[in-house]
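Trainee: Could you take me through a structure step by step, giving the general idea before each case?

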Amino acid sequence: MVDLNAYHNDFENKWCPGCGNFGVLNAVKKALAEQEIPPENVLLVSGIGQAAKTPHFLNCNFFHGLHGRALPVAAGALLANHDLNILVHMGDGDCYGEGGNHLLAALRRNLDVTLLVHDNRVYGLTKGQASPTSRYGFASSAQPFGSFSDAMNPMALALSQGAGFIARGYCGEVDHLAGLIRAGMAYPGFAMIDIMQVCVTYNPVNTYSYYNERILMIDEKEHRADDWQAAIHMALQPEETIPIGIMYQKETRPFTSRIRTLSDGPLIARTRDPSAVQAVLDELG
Amino acid sequence: MGIDMTVTIGGAAGQGIQTVGDLLALVCHRAGLYLMVINDFESRIRGGHSFMQLRISDEPVYAADDGIHLLVALNRGSLAVHAEEIRAGGYALIDERSEGDDKAGEGGEAGIAVVGFRRLAEEAGGRIMANTVAAGAALGTLGAPDELVESVIKDQFRDKSQTVRDNNLEAARMGRNAVAEIRFDWRLQWPGQNPRGKLVSGAQALALGALAADCRVACFYPMSPATGVMVGMAGYMDRFPLVVEQAEDEIAAINMVIGASFAGVRAMTATSGGGFSLMAEGIGMAGITETPAVVVNAQRPGPATGLPTRTAQGDLHFVIHAAQDEFPRFVLAPRTLDEGYETMIRAFHLAEQYQVPVIVLVDQYFTDSLGIAGRKWVVPEIVERFLVSDAEMENPARYRRFSTSGSGISPRAVPCAGKARVMVTANEHAEDGHLSEAISDRNGQMEKRAKKMKRMVEEMRSPEVLHPDSSLLLVAWGSTCGVVREAVMRLRRENHDVGAVFFSDIWPFPAAAAAVALSGPGQFVMVELNASAQLGALIRAHTGLHAAGAIVRYDGRPMKPGGLMHDAMQYLEVSDG
Ligand SMILES: Cc1ncc(C[n+]2csc(CCOP(=O)(O)OP(=O)(O)O)c2C)c(N)n1
């Protein structure tokens, strides 16, 4: 195993003390170290938000782009070089709100990246407004009378769209989460991990004790990962318990292996042939 | 000029106007004639009416013209719509006679020939060939040699069965025979098989330029009139290291382009105003992350959805300023098909050399029209990538993507290509790529980016000037230069003292060159397809020179030489007198 410090970047971290993002950060380091992927071989892509700042605290390559738009950036990078190891970090507002259409497209493409949604059920960076996963009635300065919308269900959404790898993690179970990230990275295709992440400052509802009381690790012997019915049932169950682990996994055809051009190797590694262009021009007379 | 005539093919959408037009264009092209083919998709009368208009000449032509010499009316409505435009002595070829069809043309002096497109097609083997009958009749009227027409038809149906080929040859022959009696005043002299260049659309020229520039990722969301550019590339995916991917929306398209470019390949997108609006934040991200990106904006009129299939030049100020705050970018507006091809090669080169977004600003008239590109299209032997690798770094561990030392252009490395970490954020950042709010970082990066503008402006090509000492200069940019050239040529033939200034390179504004071009003894008048003469405003802002007036059009239709000459005369009468 590579030393965890190899992934450390001492860029000043301004997350609140106790922020659930620290657990996610540590799990990522652990997952990378356990897989012995050198930091320089990792590309982190993120949107905007507190979660999306995660790449700054890792010693890898990164592209920290626009609010909601990490998945298309990752898709473009992958088209250019499908040998890249890409981890995408997004918040729930980032991924399910501003970038919702890109999530649908990533599911349809089966984009071969691992998506980590730091799901704190609130907008952290903008100081506490309701997010797409905040429950109906969630009160904040912007929703003083409670939010008027129901929470979305990202797991059920992804399952309904044919996703091949869906897992739920918890920032308070770092080793377990590291295992999910490893499994996600090993999965050929779109791996989506929704992480129950605690926001200690702006979300008084979904606290550590809220999760600690409800979290239940999925028992691989009881829950067969390829049982879609069981998975959707799990995804739709009321939140009296919150199962974490791999909810669903099946073999699928990843995006870049669907594109014939890419079977000759990553675009970035291909040589240019000016005579091929000349041939096209000559065909026009 | 010996030959100069216009053939219009009118019909309902879906009737195969394109098939007839393409056959005519291919025959003329192969014969060595020059062409300007415009597509007009619109509903002028109930039921929907579209037309394709071919101006055919033995000398280069730069615009569509007024008046019709030969009308091919695929449906009844077409004759009614175009009857007035037919010149005296011209002809209309129609399918079958119906009441009120006997008079056409100026003073009713045009002839009408009933060809029976559908009836003859059935005789030749099936109604589906009505368009081939129509093409055969039109080419017969123009006196096209049989072997030329047949060679083009054989090529067009190359991939079809022998029967289909033979039936189409027969259909064309029957069309020709049906017009054998017509004495058409503008029967062409057919120069023989010697094409003058490539027969391409503007969209194709841009697509091929991108291919020549080694563009490897193209992402787009369909939007007229830009779609043709992407479609023009998609077919080559099996022959080149190229992926063309339809994105879920324009925001995704620009972000995918930036992702691909960041990861190390050349990438582009093409859209129209509405899509470009959605891309604005992405353009800003290309700016602040200094990621090369090429964006084609094919303009159409109107904010929001506007007039989807029409032409305009109303986005000039918008593309120069799109996205908040200030950052360097290029805006290039090719004037001709040849320049369209070449501009794409330049656009990718400049984007990578300066690590900036490059906007190629065209319009519906440019992308949808076909013509003969006469210059040799050079394929660059090498494309320079302006990238750095570990090997060139003293210490890759200390690599700083946004280093402020040097020219303002920081060393650009590719992620995961070595030990150097490539760290990029769309937040303002420090030299190492981490986000930063430090005053020194903000100012350092702003100034570094701004510094590029000084060198970028030196890349700008001076406007082309025709007859600089004229008492009146007509000033245009992009595709409108064609019609201005044509109008100036004709006005000068009528002994008017008029010249022109044609801009292709718009931003950073080539102020010094513009001042030289516009400081002649005469006055200058803007000619633009937007309401306020936007280039005129740029000229004023950057040179202090004021146009004497503006000839503008914003109804979505391209200008024609006749109307432009008429408008220009106003200024000429003043200056001549
Ligand atoms: C286009 C755009 N709109 C809005 C914002 C402001 N903004 C930044 S982060 C954010 C939401 C953050 O919430 P989330 O994605 O859940 O991430 P968190 O901060 O909670 O980790 C918003 C609305 C922005 N940066 N860009």
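**Reading contacts, domains and pockets**

Mentor: Let us begin with a single pair, bearing in mind that this is a predicted model: Glu290(B) and Lys452(B) form a salt bridge in which the closest N and O atoms are 2.7 Å apart.

Trainee: What is the general idea behind such a pair?

Mentor: Side chains of opposite charge can pair when their charged atoms come close. Over all chains, the structure holds 42 salt bridges. Another of them joins the side chains of Asp65(B) and Arg490(B), at 2.8 Å from N to O. That pair links distant parts of the chain, since Asp65(B) sits in the loop between strand S3 (49–57) and strand S4 (68–73) of chain B, while Arg490(B) belongs to helix H15 of chain B, 425 residues away.

Trainee: Into which domains is chain B divided?

Mentor: The domain assignment gives domain 1 (4–196), domain 2 (199–373), domain 3 (390–458) and domain 4 (464–576). For the pair formed by domain 2 and domain 3 of chain B, the centres, taken over C-alpha atoms, are separated by 25 Å, and 20 residues of domain 2 are in contact with 25 residues of domain 3.

Trainee: How much area is buried between domain 2 and domain 3 of chain B, and which residues of domain 2 supply more of it than any other three?

Mentor: The buried area is about 1,800 Å², with carbon and sulfur atoms giving 58% of it. On the side of domain 2, Ile288(B), Glu290(B) and Tyr354(B) supply 34% of the area buried against domain 3, more than any other three residues. Between domain 2 and domain 3 of chain B the count is four salt bridges.

Trainee: How would I read the interface between the two chains in the same way?

Mentor: Take the contacts, then the area, then the charged pairs. In chain B, 64 residues are in contact with 51 residues of chain A, and the area buried between the chains is about 4,700 Å², of which 63% comes from carbon and sulfur atoms. Within chain B, Glu248(B), Cys416(B) and Arg421(B) lose the most area to chain A, together 14% of what that side buries. Five salt bridges are counted between chain B and chain A, and the side chains of Glu283(A) and Arg239(B) meet in a salt bridge at 2.8 Å, N to O.

Trainee: And how does one find the pockets?

Mentor: Rolling a probe the size of a water molecule over the atoms shows where empty space is left. Here the largest pocket holds about 780 Å³ of space. It is lined by 24 residues, of which Leu284(A), Leu26(B), Gln156(B), Leu199(B) and Gln204(B) are the closest to its centre. H1(B) provides the largest share of this lining, six residues, and by class the lining has eight nonpolar, nine polar and seven charged residues.

Trainee: Why does the largest pocket lie between domain 1 and domain 2 of chain B?

Mentor: Both domain 1 (4–196) and domain 2 (199–373) of chain B give residues to its lining, so the largest pocket lies between them.

Trainee: What is the volume of the second largest pocket, and which residues are closest to its centre?

Mentor: The second largest pocket has a volume of about 580 Å³. Among its 26 lining residues, Val61(B), Tyr62(B), Arg335(B), Thr336(B) and Leu337(B) are the closest to the centre. S14(B) gives the most to this lining, with four residues, and the lining as a whole divides into 14 nonpolar, six polar and six charged residues.

How values were computed. Residues are numbered from 1 along each chain as its sequence is written. Chains are lettered from A and ligands numbered from 1 in the order in which they are written. This is a predicted model: local features need pLDDT of at least 70, side-chain atom pairs count only at pLDDT 80 or more; totals for chains, interfaces and linings use all residues. Side-chain values use heavy atoms; hydrogens and water are left out. On a 1 Å grid over the protein atoms alone, a cavity is a set of points where a 1.4 Å probe fits but cannot get out, and a pocket is an open set with protein on both sides within 12 Å along at least five of seven lines; lining residues have an atom within 4 Å of a point. Grid points are joined across faces, edges and corners, and a volume is the space filled by probe spheres set on the points. Helices (H or I, at least four residues) and strands (E, at least two) are DSSP runs, numbered from the N terminus. Ala, Val, Leu, Ile, Met, Phe, Trp, Tyr, Cys and Pro count as nonpolar, Asp, Glu, Lys and Arg as charged, and the others, Gly among them, as polar. Domain bounds come from an automatic or database domain assignment. Contact means heavy atoms within 4.5 Å. Buried area is the accessible area (1.4 Å probe) that two parts lose on being put together, summed over both.
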